[in-house]
Amino acid sequence: MVVRLQNTIRDYAWGSLTALPELIGVEPDGKPQAELWMGAHESAPSVLPNGDTLYDVVSDDPAQVLGEETAERFEGRFPFLAKLLAAAQPLSIQAHPSQDQAIDGYERDEAAGIPRDAADRNYKDAWPKPEILIALEPFDALVGFRPLDSTLALLDALAPEGFEELTGQLRDGKLREAFTQFMGTDRDSIRPLVAALGEAVAQFTGRAFALERETLARLCADFPDDPGVLAALLLNRVRLERFEAVYLPAGNVHAYLHGLGFEVMANSDNVLRGGLTSKHIDVPELVSVVDFEPLTDPVLTATTVGDGVSAYETGCEYFAVHRVELDGDERTVAGVGPRIVCSVAGTIDAVGKETAVTLSAGQSAFAAGTEGPCILRGSGTAFVVSAR
């Protein structure tokens, strides 16, 4: 089957008032619209035309919906979750667990009797959450630890008062210790450090580190007593151009800052936060999953794999992502298991064995794992997500 999906929009406070409405072609409603979810996660599953949720349909007959191989491989669970993400304000400093960490954390939260929808629960499910974010417009983010020599160059250039201990730790290669120490510092002690950093940024007159200074100035003003501001000193500051991406495997510390993107992840809602948020923060648990290996080149570009078809090569076992460009023609996209097709520009037909669904920007369709190759026709751009 190939059917149109009705999807839930999450109204998180950091969401844009206008980006998703402009993409979809509707009037803004005055509320932040942060994420449009496409998939079968139990907290906000997509709805099929007959009124059934994709989560219930998968649960009732995993082999028929996912395909036998995919159903067996992922124990009957839909393997990925796709989103349109529109950030007007910074998201939290965060990281996601590995498979083993997610299983262990989920079991601990279950044993402690913490309700699965509780605000202070760390692990909503027993799955990891590797993810890719593909920019649909210039997109700003903090992604992975910057190589230490570059971070030291930034600190030397700004020379903020009170940062001698942090600088010394980094010169000694003690990134874990530095990150753990200031992320666990109380807000009263953080406030003067953030103020000193903001003053140093304001007084800096050099040409270097333009993006870093732009972000630090904003964070210092908006989060005057938040340790997450200092984490931004250690992370790569990237600006993605349209269709550039970042891939975030387990343990990658990151924070999305601003922009509109297409996001795909394993079918999980596990987020461990350390700052820049009013949501639940658990610094020890965050540190326990963090990968402290510096990330030299965080930006990922797509590879052309066919006429009008590009692939984002991540090596992730839970999903594969293809971008399809159409100009009044037809493309066939190979893939394993269930597919979600999301149009982000133009008008595109997703064609199945017996049905076809017309999609405009912001709309999506689902193709069952038994449907065969994904065929697209029309003019525009779409993403096709499969289980590999």
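The lining of the second largest pocket comprises 5 nonpolar, 1 polar and 8 charged residues. In this predicted model, that pocket has a volume of about 270 Å³. Its lining is made up of 14 residues, and those nearest the centre of the pocket are Phe74, Glu75, Arg77, Ala126 and Trp127.

The largest pocket has a volume of about 880 Å³. Of its 35 lining residues, Tyr12, Lys124, Asp269, Arg273 and Lys279 are the closest to the centre. By class, the lining of the largest pocket holds 14 charged, 12 nonpolar and 9 polar residues. Strand S4, spanning residues 80-87, contributes at least two residues to this lining, as does strand S10, spanning residues 254-266.

The structure contains 3 cavities of 30 Å³ or more, and the largest cavity holds about 40 Å³ of space. The residues that line the largest cavity are Val2, Arg339, Val341, Ala350, Val351, Ala367, Glu371, Gly372, Pro373, Cys374 and Ile375. Two elements, strand S16 (339-351) and strand S19, each give two or more residues to this lining; S16 gives the most, with 4 residues. In the lining of the largest cavity, 8 residues are nonpolar, 1 is polar and 2 are charged.

One of the residues lining the largest cavity, Glu371, is located in the loop that runs between strand S18 (364-367) and strand S19 (374-386). Glu371 is buried but takes part in no salt bridge. The nearest side chain of opposite charge belongs to Lys353, at a distance of 5.6 Å, whereas a salt bridge requires a nitrogen-to-oxygen separation within 4 Å. A polar atom of the Glu371 side chain does, however, lie 2.6 Å from the backbone nitrogen of Met1.

The structure holds 21 salt bridges. In one of them, Arg108 is paired with Glu285, with 2.9 Å between the closest N and O atoms. Because Arg108 belongs to helix H5 (residues 99-111) and Glu285 to helix H12 (residues 283-289), this pair ties together parts that lie 177 residues apart in sequence. Arg108 is partly exposed, at a relative accessible area of 37%, while Glu285 is buried, at 11%.

A further salt bridge is formed between the side chains of Glu214 and Arg237, with an N to O distance of 3.4 Å. Glu214 is situated in helix H10 (residues 210-222) and Arg237 in strand S8 (residues 235-240), so this pair links parts that are 23 residues apart in sequence. The relative accessible area of Glu214 is 42%, and this residue is therefore partly exposed; Arg237, at 9% relative accessibility, counts as buried.

Arg323 and Glu325 also form a salt bridge, in which the closest N and O atoms are 3.1 Å apart. Glu325 is partly exposed, with a relative accessible area of 27%, and Arg323 is buried, at 13% relative accessibility.

Notes:
Residues numbered from 1 in each chain as written. Predicted model: local features only at pLDDT ≥ 70, side-chain atom pairs only at ≥ 80, totals over all residues. Heavy atoms only, no water. 1 Å grid on protein atoms, 1.4 Å probe; cavity = no way out; pocket = protein on both sides within 12 Å on 5 of 7 lines; lining within 4 Å. Points joined across faces, edges and corners; volume = space filled by probe spheres on them. Nonpolar A, V, L, I, M, F, W, Y, C, P; charged D, E, K, R; others polar. Buried < 20%, exposed > 50% of the residue type's maximum accessible area, 1.4 Å probe, protein only. Lys, Arg positive; Asp, Glu negative; His and termini not counted. Polar contact = N/O pair within 3.5 Å; in protein donor to acceptor, adjacent residues only side chain to side chain.
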